[in-house]
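Work through the following exercises with the sequence and the coordinates side by side, and try each task before reading its solution.

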Amino acid sequence: MSKETIQIPQGSIKRTVISWLLLIALSVMSIYMGLFIQNKSLFIISVLFIVFLKGQQIIDIFMELYHAPKKWRLLFLSYVVLLPLIICLVYLF
Amino acid sequence: MSTLTSNGLIEKKLPGDLAMWFFILAELTVFAIFFIGFAVTEQLNPEMFREGKNQLHPTAGLLNTIALITSSFFVALSLHAMHANKGKKAAILIGIAQVVAVIYIVIKLWEYSSLFELGLDIETNSFFTLYFMITFFHLMHVLLGMVILTYIAIRASKNEYNVDNISGFEAGASYWHMVDMLWIILFPLIYVI
């Protein structure tokens with residue numbers, strides 16, 4: 001596999017901090033979302049979409065797969081896309 | 001995690017060990033089967049699952065989520081420290097990550113004991129069978145993750161890692177992030193939806 005060389009992203013620690021805060025905010029949002037979304041289907045879709053958002057942050061920022069070869073990054077991102085999607089389909093149909 | 005070269009550029013390569021990534025993929029697959037099985041079983045027994053979820057403590061689940069996310073955060077910071085060849089700082093950050101992870105363990109054990117006091121256990125019904133099985137299996141992964149973190153922290157404190165020899169550290173950190181990622185799926189599935 002050929003190696004690509006890229007510049008270090010500016011403020012990578014800052015990005016990690018922002019990701020952490022975003023993850024916590026999304027976690028709090030998901031647990032209280034039921035207070036604002038009465039439609040059960042929309043609620044399930046929203047919660048599972050938040051799962052995708054949080055998973056993407058962990059994969060790209062914490063695991064730093066953003067800098068990994070594309071096929072590995074897409075493989076792990078597909079997990080947090082497909083699994084919530086499958087669960088969503090189970091609940092909705 | 002990326003490999004930092006001496007001129008400050010990042011080589012676009014898979015961080016850590018390839019074997020660890022295949023292990024992570026295997027673990028993710030097993031848990032995916034559990035999660036889908038949970039959702040399917042819930043659809044077949046909606047009333048049982050609704051009653052079961054009412055016995056749980058969503059606030060405890062949220063606190064556990066915040067604990068694991070924060071623990072992962074400190075592990076991510078430890079890798080930044082390793083990129084700067086600061087092994088002792090990395091070890092301290094992992095130590096903080098582990099202290100935060102203990103919060104998760106304490107809350108989880110409290111949850112279990114409170115359910116046991118209500119007479120609810122793994123044999124109560126399908127919901128609680130799946131609840132205890134999935135969460136306990138995840139707890140075991142948390143404990144293994146803490147052993148791995150301890151190992152890499154000790155090695156980091158002895159400066160046995162450096163910019164050119166960091167894959168073991170990255171692999172350990174990746175495993176911990178996997179444990180966190182599993183919980184962020186588990187938490188809404190079992191406590192929220």
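**Exercise 1.** Determine in which order the secondary-structure elements follow one another along chain A, and how many helices and strands there are.

Solution. Reading along the sequence of this predicted model, one finds the pattern β-α-α-α in chain A. Counting the elements then gives three helices and one strand. As a further step, consider burial and contacts: chain A has 93 residues, of which 46% count as buried, and among its contacts between residues at least 6 apart in sequence, 59% join residues at least 24 apart.

**Exercise 2.** Find which residues of chain A form a nonpolar patch on the surface, and classify A:I86 as buried, partly exposed or exposed.

Solution. Begin with the surface of the whole chain, which amounts to about 5,100 Å² for chain A, with carbon and sulfur atoms supplying 69% of it. The nonpolar patch consists of A:V81, A:L82, A:L85, A:I86, A:L89 and A:F93, which together have about 580 Å² of accessible area. Next, locate A:I86, which belongs to helix α3 of chain A, residues 70-92. Its relative accessible area is 36%; because buried means under 20% and exposed over 50%, A:I86 is classed as partly exposed.

**Exercise 3.** Compare the span of helix α3 of chain B with the expected span, and decide why this helix is described as largely enclosed.

Solution. Helix α3 of chain B covers residues 58-83, which is 26 residues, and it reaches 37 Å from its first C-alpha to its last. At 1.5 Å a residue, 38 Å would be expected, so the span is close to that value.

**Exercise 4.** Decide whether B:T135 is buried or exposed, and list which residues it touches beyond four places away in sequence.

Solution. First place the residue: B:T135 lies in helix α5 of chain B, residues 126-157. Its relative accessibility is 0%, and so B:T135 counts as buried. Leaving out residues up to four places away in sequence, B:T135 touches B:K108, B:Y112, B:L130, B:L186 and B:I190.

**Exercise 5.** State what the confidence scores are for chain B and for the model.

Solution. Chain B averages a pLDDT of 94, and 94% of its residues score at least 70. The model itself scores ipTM 0.90 and pTM 0.92.

Notes: Residues numbered from 1 in each chain as written. Chains lettered and ligands numbered in written order. Predicted model: local features only at pLDDT ≥ 70, side-chain atom pairs only at ≥ 80, totals over all residues. Heavy atoms only, no water. Helix = DSSP H or I, 4+ residues; strand = E, 2+ residues; numbered from the N terminus. Buried < 20%, exposed > 50% of the residue type's maximum accessible area, 1.4 Å probe, protein only. Contact = heavy atoms within 4.5 Å. pLDDT = per-residue confidence, 0-100. Patch = residues over 30% accessible without salt bridge, like charges linked within 9 Å, V, L, I, M, F, W, Y side chains within 5 Å. Areas by Shrake-Rupley, 256 points an atom, 1.4 Å probe, with all protein chains shown as cover. Salt bridge = Lys/Arg side-chain N within 4 Å of Asp/Glu carboxyl O.
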